[in-house]
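This briefing concerns one protein chain and its ligand. Please consider the sequence and the three-dimensional structure together.

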Amino acid sequence: MLAILEQHISPLHARAMLARAAGGDRAIDVGRLPDLVEALERGVRLFGGARLEDTIKRQILALAPSEATEVRIEIAEERDVIEARLAARQLCQTMGSRALVMQRVATAVSELARNVSLYAVPSGGPSGGRRGVVTLTPLRGGAALRIVVEDEGPGIADLKSVLDGSYVSKTGMGKGLVGVKRLVDDFDVRTSPRGTRVEATVVLDPTSAGSAR
Ligand SMILES: Nc1ncnc2c1ncn2[C@@H]1O[C@H](COP(=O)(O)OP(=O)(O)OP(=O)(O)O)[C@@H](O)[C@H]1O
Ligand SMILES: [Mg+2]
């Protein structure tokens with residue numbers, strides 16, 4: 001970790017910054033890496049601004065690529081959409097993604113979750129039983145993230161026109177799904193009267209993802 005910092009700032013400053021962030025701990029617990037990165041952020045920002053902060057954060061978090069695990073969020077009502085968005089941001093952060101990619105992931109997740117809460121979960125609320133689920137899965141040692149949003153709702157009747165952009169929505173702008181398709185690297189929708197499943201993959205770090213695109 002010291003070696004990473006020293007690539008960007010002077011060894012003296014790197015040592016001091018690390019000691020301060022680790023709170024005096026000599027051995028650094030890998031499970032606490034995200035906390036340590038948070039603590040380092042302020043110091044790094046002073047030296048190199050947001051761009052350097054981003055670079056260092058990714059390098060340090062890459063030391064523990066297996067740390068991120070799958071996250072599941074049930075969508076039963078509107079506030080779960082916010083929950084899903086937050087979980088997506090948090091996972092991206094743990095995986096060391098760039099701020100812009102994190103924004104794309106968070107937007108895609110909340111658009112898809114919002115559709116579930118609007119169209120698939122009956123107005124009766126959570127007791128209705130037909131819930132939706134958002135599953136976020138780290139892929140390829142943290143180089144990509146898979147987003148799966150499934151529900152047991154009535155399905156999307158006009159999927160073709162929704163995806164080609166000619167759909168006219170009564171409930172919104174009708175641009176949610178096409179927007180998500182543009183934001184992600186891989187996109188697939190399956191829908192029937194028994195439910196809908198949207199699967200999307202976002203490459204978090206194209207330099208290490210190789211042939212992913
Ligand atoms: N999970 C779903 N279950 C059932 N129908 C859905 C689902 N997701 C989308 N739909 C249908 O597909 C249409 C298009 O969805 P899309 O998200 O693209 O636009 P929108 O929700 O109408 O507007 P917005 O631009 O605000 O998202 C919706 O109007 C809705 O009829
Ligand atoms: Mg929508």
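The points below cover the basis of the model, the fold, the ligand site and two individual residues.

The model is predicted: local features need pLDDT of at least 70, side-chain atom pairs count only at pLDDT 80 or more, and totals for chains, interfaces and linings use all residues. Residues are numbered from 1 along each chain as its sequence is written, chains are lettered from A and ligands numbered from 1 in the order in which they are written, and side-chain values use heavy atoms, with hydrogens and water left out.

**Overall fold**

- The chain contains eight helices and five strands, where helices (H or I, at least four residues) and strands (E, at least two) are DSSP runs numbered from the N terminus.
- Read from the N terminus, the order of these elements is α-α-α-β-α-α-β-β-α-α-β-β-α.
- Of the 213 residues in the chain, 42% count as buried; buried means under 20% relative accessible area, exposed over 50%, and partly exposed in between (1.4 Å probe, protein chains only).

**Shell around ligand 1**

- Among the 18 residues around ligand 1, those that come nearest are Asn115, Tyr119, Asp151, Ser169 and Gly174; a residue is near a molecule if one of its heavy atoms lies within 4 Å of it.
- Helix H5 (99-120) and helix H7 (176-183) each supply at least two residues of this shell, and H5 gives the most, with four residues.
- The shell residues comprise six nonpolar, eight polar and four charged; Ala, Val, Leu, Ile, Met, Phe, Trp, Tyr, Cys and Pro count as nonpolar, Asp, Glu, Lys and Arg as charged, and the others, Gly among them, as polar.

**Polar contacts and cover of ligand 1**

- An oxygen atom of ligand 1 lies 2.8 Å from a polar backbone atom of Gly174, a polar contact being a pair of N or O atoms within 3.5 Å.
- Polar backbone atoms of two further residues also face ligand oxygen: Gly176 at 3.1 Å and Leu177 at 2.8 Å.
- The protein covers 90% of the 600 Å² of accessible area that ligand 1 has on its own, by the Shrake-Rupley method with a 1.4 Å probe.

**Individual residues**

- Asp151 belongs to strand E3 (residues 144-151) and is buried, with a relative accessible area of 13%.
- A polar side-chain atom of Asp151 is 2.9 Å from the backbone nitrogen of Gly153.
- Ile4, in helix H1 (residues 2-6), is buried because its relative accessible area is 11%.
- The C-alpha atoms of Ile4 and Thr55 are separated by 9.8 Å, with the two residues 51 apart along the chain.

Notes. A polar contact is a pair of N or O atoms within 3.5 Å; within protein, one must be able to donate a hydrogen and the other to accept it, and residues adjacent in sequence count only if both atoms are side-chain atoms.
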